[in-house]
Amino acid sequence: MTQLLAPPDRVRELSGELFHLGAIADAGNAFPIDSVRLLIDAGVARAPIPVSAGGDGLAPSALVDIVRTVGAADPGLGLVVAMHLIHARRVFADVGLSPALAEAAREIAAGSGFVSALVSENRSIAPARGGAVRARAIRVDGGWLLRTRKKYATGIHALSHAVVSAAVDGSDALDQFLVGLDQPTVRIEKTWDVIGLRTSGSDDVVFDDTFVTTDALLPPGLVSQDGAWWTLVLAGLYAGIAEGAFALATTGLPVQAGGALPVDVPRVRGYVGEAAVALLTVRSLVDDAVRRYEAQTLTAAESAAVKLAVHRSATTAVDQVGRAFGTASVWHSHAWQRYFRDLRVGAHNSPSEDVAIDGLARLVLEDGTF
């Protein structure tokens, strides 16, 4: 009997197809839904879900590997996958907490779609920086009615479920509800028109008094962003973007991207060398952080700082690759553009730079264990 490849290996086999589908989607500001179907068939949806709920229960190191590969092929889709891996592993860690959790986990593991979290309602000022969340959950017989519009609904066209943050009956404290999105009271509005991460399809989603059952209210702390592992997934995404951009300069892809590099020119070799130095830093940071996480010596503050440091070095790597290609890279039709734009926009993803730096400073100054 032929042994099936593990999800990380199956995703690697799809990288070329994901690259081409992502290029088409990015050019048309569309969502690469065909890529999502390929990833679901490859086991990505079920990868982070516990074995007890029908999933594979993969460790964070394998999840980093998956998002690293997807990010190298299609950075915007990589963010969608990262959000699913993070939230699926967190929300479904104990499906015995409610029937709603168990049912959703089974559906996602069977291929219904991805899951993510919907919090932001403002175009700027993220909730992590104190942005207001005005969503309301109104108590009714048998459950709740959700009334809100959420922005930055990453990968909404690929989601079958979402964790929606809302205040219960006028309270200022936020609760989280696990919501199935296949309801007539849930509608998507095409609003995503930005310079980067176009294939993340982060359109608005509106809940018009959407009913959720009582057990869809998640226990406090279940979707907490405490812990060191989830920011490693985002660091893996940025590492993948750097790897993908670097591959443009070192594989056959430059022909498709607008011409191979003139490697006989010393200055071009210099740019590629600088990119390689930055990429070595990226690889070392991610690999060391994964090892430390597995050894249980990586703190949440350090992990967030690793995400920031990886993004900075990845930005250097991608920028140097663009310089190596020269003016060819500034055309929208050049493949380098996707990596550059998507990586720069990714700097705004939570935890933001200021949040990560403040957390590390607190660890250094208050805890003294750095």
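Predicted model: local features only at pLDDT ≥ 70, side-chain atom pairs only at ≥ 80, totals over all residues.
Q: How many helices and strands does the chain have?

A: Helices (H or I, at least four residues) and strands (E, at least two) are DSSP runs, numbered from the N terminus. In this chain there are twelve helices and seven strands. The radius of gyration is 21 Å, close to the 21 Å that the globule rule gives for 370 residues, so the chain is as compact as a globular protein of that length. That radius is taken over C-alpha atoms, and the globule rule is 2.2 Å times the number of residues to the power 0.38. The C-alpha trace spans about 75 × 50 × 50 Å along its principal axes.

Q: What percentage of the residues is buried?

A: Buried means under 20% relative accessible area, exposed means over 50%, and partly exposed is in between (1.4 Å probe, protein chains only). Buried residues make up 53% of the 370 residues.

Q: Which residues touch the most other members of the largest nonpolar core?

A: A nonpolar core is a set of buried Ala, Val, Leu, Ile, Met, Phe, Trp, Tyr and Cys residues joined through side-chain atoms within 4.5 Å. The largest one holds 106 residues, and L39, I66, F92, F114, L146, F177 and F207 touch the most other members. Helix α7 (residues 229-250) gives the most to this core, with 15 residues.

Q: What does F207 touch, not counting residues up to four places away in sequence?

A: Contact means heavy atoms within 4.5 Å. By that rule F207 touches L118, L146, R147, T148, K150, V164, V179, L181, T185 and V186, with residues up to four places away in sequence not counted.

Q: Where is K150 found, and is K150 buried or exposed?

A: K150 is in strand β3 and counts as buried, at 0% relative accessibility. Leaving aside neighbours within four places in sequence, its contacts include L118, V119, E121, D203, D204 and F207.

Q: Why is helix α11 described as largely enclosed by the rest of the structure?

A: Nine of the eleven residues of α11 (residues 336-346) are buried, so the helix is largely enclosed by the rest of the structure. Among the buried ones are W336, R338, Y339 and D342. The buried residues of α11 pack against α2 (15-27), α4 (60-73), α5 (75-91), α7 and α10 (300-325).

Q: Which residues of helix α6 are buried?

A: An α-helix has 3.6 residues a turn, so residues three or four places apart point the same way. In α6 (residues 99-109) the buried residues are A100, L101, A102, A104, A105, I108 and A109. These pack against α5, β1 (114-118), β4, β5 (174-180) and β7 (204-213). After α6 comes G111, with a positive phi near 110 degrees.

Q: Which phi does Y152 have?

A: Most residues other than glycine have a negative phi, and most peptide bonds are trans. Y152 is not a glycine, yet its phi is positive, about 55 degrees. Y152 sits in the loop between β3 (143-150) and β4 (159-168), and is partly exposed, with a relative accessible area of 34%. Q296 is another non-glycine with a positive phi, of about 60 degrees. Q296 lies in the loop between α9 (266-294) and α10, and counts as exposed at 75% relative accessibility.

Q: How many positive and negative side chains are there?

A: Lys and Arg count as positive and Asp and Glu as negative; His and the chain ends are not counted. The place of a charge is taken as NZ of Lys, CZ of Arg, CG of Asp or CD of Glu. The chain has 32 positive and 40 negative side chains, and the centres of the two sets lie 5 Å apart.

Notes
Residues numbered from 1 in each chain as written. Heavy atoms only, no water.
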